[in-house]
Amino acid sequence: MAVAVPFEEKTDEQKAITEMVRQFVDEQVLPNAEHYDNEDAFPDPIVDQMKELGLFGVTIPEEYGGMGLDLTTYVMIVEELSRGWISVSGIINTHFIGSYLLMKFGTDEQKQKYLPRMATGEIRAAFSLSEPELGSDVQAIKTTAKKGDDGLYEINGQKMWVTNGLRSGLVFVLVKTDPDAEPRHKGFTCFITEKEPGVAENTGAYAGLNVPPQIKKLGYKGVESTELVYDGYRCPAENVLGGEAAGLHQGFAQMMDALEVGRANVAARGVGIAQRALELALRYSQERKTFGKAIAQHQAIQFKLADMATQVEAARLLTIRAARLKDAGVRSDMEAGMAKLFASEAGRFCVEESFRIHGGYGYSKEYEIERLYRDAPLLLIGEGTSEIQRMVIGKKLLQRYKA
Ligand SMILES: Cc1cc2nc3c(=O)[nH]c(=O)nc-3n(C[C@H](O)[C@H](O)[C@H](O)COP(=O)(O)OP(=O)(O)OC[C@H]3O[C@@H](n4cnc5c(N)ncnc54)[C@H](O)[C@@H]3O)c2cc1C
């Protein structure tokens with residue numbers, strides 16, 4: 001006779017860490033997010049506590065001072081953080097992608113040099129593909145790196161939409177190193193460019209890397225999005241990701257690999273914001289009365305709650321599945337694309353439904369849903385728009401199921 005095995009969604013370790021993060025979010029993030037959002041101010045005290053909790057080193061191996069946890073646990077943590085405020089998850093998001101790139105492709109020297117300080121959050125990483133004239137079409141990158149007689153690479157060009165562009169100390173930047181490469185994607189290299197955190201005009205060894213004032217945005221406040229201007233920035237050959245011999249012209253494949261985990265990460269942010277929108281709707285709909293009863297007692301409102309809860313669950317399952325496949329070493333670009341597509345759209349859907357349930361008050365800054373309404377659309381864009389996810393999924397489907 002088969003013995004029933006109790007179904008556990010999380011291991012004991014995952015339960016412990018996500019409960020810890022939830023408590024931190026309930027006590028420190030949710031009560032303060034409105035203030036930082038209003039001021040568009042970087043949440044230094046929150047980030048200091050995130051450092052103390054070890055959240056900058058969740059996936060970094062223990063030998064480098066991190067927690068050594070897997071992607072599945074990481075996305076569970078990101079869901080919790082995003083339930084509080086997607087900007088705080090944005091602060092660790094590009095950092096996580098940078099540490100992934102180092103762990104997967106970095107030389108031993110690069111790992112030793114950066115990972116221990118990244119694990120503590122002493123230095124933080126940004127990740128830069130986009131330029132003023134391109135986002136989806138990564139292979140149209142114009143920024144170049146050319147090796148000089150002194151052995152240094154000179155980088156010239158302009159980058160756009162760099163999350164953590166000002167406060168980061170490292171930028172993993174994709175540039176063109178072989179303009180004649182055929183196919184085009186073989187002509188790109190990822191450089192680990194160092195800079196002074198918080199400094200707009202770098203000098204000395206980092207001269208030639210400047211950070212214009214941050215871009216003013218609809219939402220996703222607090223965390224900075226900037227341009228980066230590389231103007232004769234000189235980068236040692238040892239800062240080619242993976243080393244010059246192995247890493248030159250490998251940047252496109254490296255960055256696309258990192259986008260796979262980045263997409264699972266954005267999916268988790270979609271789950272977090274959708275979960276919070278549902279919680280706010282559940283609370284408000286039981287407090288607000290119309291026609292003599294709580295609006296939650298009207299069937300039309302219950303249907304909205306039902307649709308939202310179903311979307312949250314489905315988005316969470318897709319996200320966890322994409323992360324588990326990646327942890328198991330299985331190619332999961334299609335699943336990561338599905339998770340990102342579904343969860344970011346679920347985030348937008350749930351936020352809008354919750355906003356409607358709040359009636360006029362949803363439009364007021366007095367209610368949290370107003371912030372979520374401005375924050376949610378970002379998830380439809382970052383790490384590839386919904387159209388780009390559909391392109392990835394469609395292409396993979398046709399590869400897997402050839403007629
Ligand atoms: C707040 C914020 C933070 C960001 N952070 C970063 C970061 O840290 N690092 C980084 O590198 N980038 C970052 N980005 C950039 C982001 O990745 C791009 O904005 C995104 O990839 C879309 O590119 P785009 O804005 O150039 O739009 P475009 O590529 O110009 O697309 C415009 C529209 O056309 C659609 N489209 C494009 N091509 C096709 C096609 N072939 N078929 C059908 N539709 C298509 C798109 O889906 C979109 O709707 C950030 C963006 C924002 C808003």
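## Overall shape

What radius of gyration would a compact globule of 403 residues have, and what does the chain have? This is a predicted model. For 403 residues, a compact globule would have a radius of gyration near 22 Å, and the chain has 22 Å, which agrees. The C-alpha trace spans about 80 × 60 × 40 Å along its principal axes.

The chain contains 11 helices and 9 strands. Of its 403 residues, 50% count as buried. Taking contacts between residues at least 6 apart in sequence, 73% join residues at least 24 apart.

## Domains

The chain is divided into three parts: domain 1 covers 12-120, domain 2 covers 125-249 and domain 3 covers 254-400. The centres of domain 1 and domain 2, taken over C-alpha atoms, are separated by 23 Å.

Where these two domains touch, 23 residues of domain 1 are in contact with 19 residues of domain 2. On the domain 1 side, the elements that give two or more residues are helix H1 (12-39), helix H4 (86-105) and helix H5 (108-120). The largest share of that side, 12 residues, comes from H4. By type, the residues of the side of domain 1 that touches domain 2 divide into 11 nonpolar, 10 polar and 2 charged.

Helix H9 takes in residues 333-357. At 1.5 Å a residue, its 25 residues should span 36 Å, and its end C-alpha atoms are 36 Å apart, which agrees. H9 is mostly covered, with 20 of its 25 residues buried. Just after H9, Gly359 takes a positive phi of about 55°.

In H3, 14 of the 14 residues are buried. An α-helix has 3.6 residues a turn, so residues three or four places apart point the same way.

## His249

Where in the chain is His249 placed? His249 is in the loop between helix H6 (244-247) and helix H7 (251-287). Is His249 buried or partly exposed? A residue counts as buried if 20 or more other C-beta atoms lie within 10 Å of its own, and as exposed if 12 or fewer do. His249 has 16 other C-beta atoms within 10 Å, so His249 is partly exposed.

Leaving out residues up to four places away in sequence, His249 touches Thr177, Asp178, Ala181, Lys186, Gly187, Phe188 and Thr189. Thr72 is 177 residues from His249 in sequence. In space, His249 and Thr72 are 30 Å apart, C-alpha to C-alpha.

Conventions. Residues numbered from 1 in each chain as written. Predicted model: local features only at pLDDT ≥ 70, side-chain atom pairs only at ≥ 80, totals over all residues. Helix = DSSP H or I, 4+ residues; strand = E, 2+ residues; numbered from the N terminus. Rg over C-alpha atoms; globule rule 2.2 N^0.38 Å. Contact = placed C-beta atoms within 7 Å. Domains from an automatic or database assignment. Nonpolar A, V, L, I, M, F, W, Y, C, P; charged D, E, K, R; others polar. Expected span 1.5 Å × (residues − 1).
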